[in-house]
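Work through these exercises with the model open beside you. Try each task before reading its solution.

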Amino acid sequence: MKIFNMPEIALGTVQFGMHYGITNQLGKTQKNEAKNILEYAWKNGINTLDTASSYGNSEEVLGEVIDIDNDWKIITKIPDIKSNSIGIKHINQMLDSFKSSLSKLKKESIYGLLLHNCNNIFLPGGEKIFEAMQQLKKDGFIKKIGVSLYDREQINYLLSNYPVDLVQIPINILDQRLIDGGELKKLKKQEVEIHARSVFLQGLLLSPQEILPLSFKPLLEKVKAFHQEANRRNISAIQLSLGFVKSIKEIDKVVLGINTLEHLYEVVNLENINFDITEFSHLKVDDKTLLNPSNWKV
């Protein structure tokens, strides 16, 4: 049996367009490898792709290698808007970016459109962004409107102001903040589709501890305890990481960044494991600055 029903996986494609991940030693995925990954993923029931205009040329690669006969659910993102307020020029830039994404993907419509920086919608005039996204949905260019989130404050503000269809959130066996705070239950109560990202904490949970930079020292004890837990249960680090997130009942999809076909083989062929997630409370890290890869230094 598999650890996932395959439709529960969303294939992250950032590595198709750029070198990404602080522990990524393989660099950008070659185009022929991306094509092989997509073909194997589709054959194994994976039907959702996550990309963004800011992921290098990921959208172009997808547009070139996707089999047109396969009806992928594609999700892309609007770039961060660098401003203290939102005006008509920003909306026009957003719409131009989306039009460009469709062109690169060679699609007339896609499954989802997310704000890459959720805080944009909280700025003065931010409601204009949501209204523009609603219009794109009404016009049939997208099926679901959403945002990429980082913490509970953003979720609570969002739920009080905007009826979104889809969110991406960071969650892993070290980052249990949204479980403890009840935000996942709040999202699900409003029938929001929830996609989990950063399941491996940018590969940190799967990396040999001896190669980790000294800047990770505040996290090393938790990472060490995580590996000890996997060893105690006689399972791999990837099984424990994925099994934990898969066992969170509110999660609809898990976004996995795949950069080699071998990596995808491993994921697809994992044995089915389910956990009582409360058994791993000793592994959680509460300091959100430590859990945000943008704060890491190497």
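**Exercise 1. Describe how H2 crosses H3, then sort the contact residues by class.**

Solution. 
- Start with handedness. H2 and H3 cross in a right-handed manner.
- List the contact residues. From H2 come Lys31, Ala34, Lys35 and Leu38; from H3 come Val61, Leu62, Glu64 and Val65.
- Sort them. Five are nonpolar, none is polar and three are charged.
- H2 and helix H3 (residues 58–65) have axes that come within 10 Å. Their crossing angle is roughly 65°.

**Exercise 2. Decide how much confidence the predictor places in the chain.**

Solution. 
- Remember that this model is predicted.
- Take the average. The chain's mean pLDDT is 88. A score of at least 70 is reached by 90% of the residues.
- Residues 1–7 have a pLDDT below 50. Beyond near neighbours in sequence, this stretch still shows 28 contacts in the model.

**Exercise 3. Work out how H2 and H11 are oriented to each other, and which residues meet.**

Solution. 
- Find the axes. Those of helix H2 (residues 31–43) and helix H11 (residues 261–268) come within 9 Å. They cross at roughly 20°.
- Apply the cut-off. Angles under 35 degrees count as roughly parallel. H2 and H11 are therefore roughly parallel to each other.
- The crossing of H2 past H11 is right-handed.
- Name the residues. H2 brings Glu33, Asn36, Ile37, Tyr40 and Ala41. H11 meets them with Leu261, Leu264, Tyr265 and Val268.
- Sort by class. This contact of H2 with H11 has seven nonpolar residues, one polar and one charged.

**Exercise 4. Characterise the packing of H4 against H5.**

Solution. 
- Begin with the axes. Helix H4 (residues 88–105) and helix H5 (residues 127–138) have axes that come within 10 Å. The crossing angle is roughly 35°.
- Note the handedness. H4 passes H5 in a right-handed sense.
- Collect the contact residues. H4 supplies Ile91, Met94, Leu95 and Phe98. H5 supplies Lys128, Ile129, Ala132, Met133 and Leu136.
- Classify them. Eight are nonpolar, none is polar and one is charged.

**Exercise 5. Trace the barrel, then zoom in on one strand pair.**

Solution. 
- Follow the strand order. Eight strands close into a barrel, running S1-S2-S3-S4-S5-S6-S7-S8. Their pairing is parallel.
- Pick one pair. Strand S5 (residues 142–148) runs parallel to strand S6 (residues 166–170), and three bridges pair them.
- Locate a bridge. Serine 148 has glutamine 168 in S6 as its bridge partner.

Conventions
Residues are numbered from 1 along each chain as its sequence is written. This is a predicted model: local features need pLDDT of at least 70, side-chain atom pairs count only at pLDDT 80 or more; totals for chains, interfaces and linings use all residues. Side-chain values use heavy atoms; hydrogens and water are left out. Axes are lines fitted to C-alpha atoms, for helices over the stretch in contact, and angles run from 0 to 180 degrees between N-to-C directions. Helices (H or I, at least four residues) and strands (E, at least two) are DSSP runs, numbered from the N terminus. Angles under 35 degrees count as roughly parallel, over 145 as roughly antiparallel, 65 to 115 as roughly perpendicular and the rest as oblique. A crossing is left-handed if the near helix is turned anticlockwise from the far one by less than a right angle, and right-handed if clockwise. Contact means heavy atoms within 4.5 Å. Ala, Val, Leu, Ile, Met, Phe, Trp, Tyr, Cys and Pro count as nonpolar, Asp, Glu, Lys and Arg as charged, and the others, Gly among them, as polar. pLDDT is the predictor's confidence in each residue, from 0 to 100. Two strands pair if DSSP finds at least two bridges between them.
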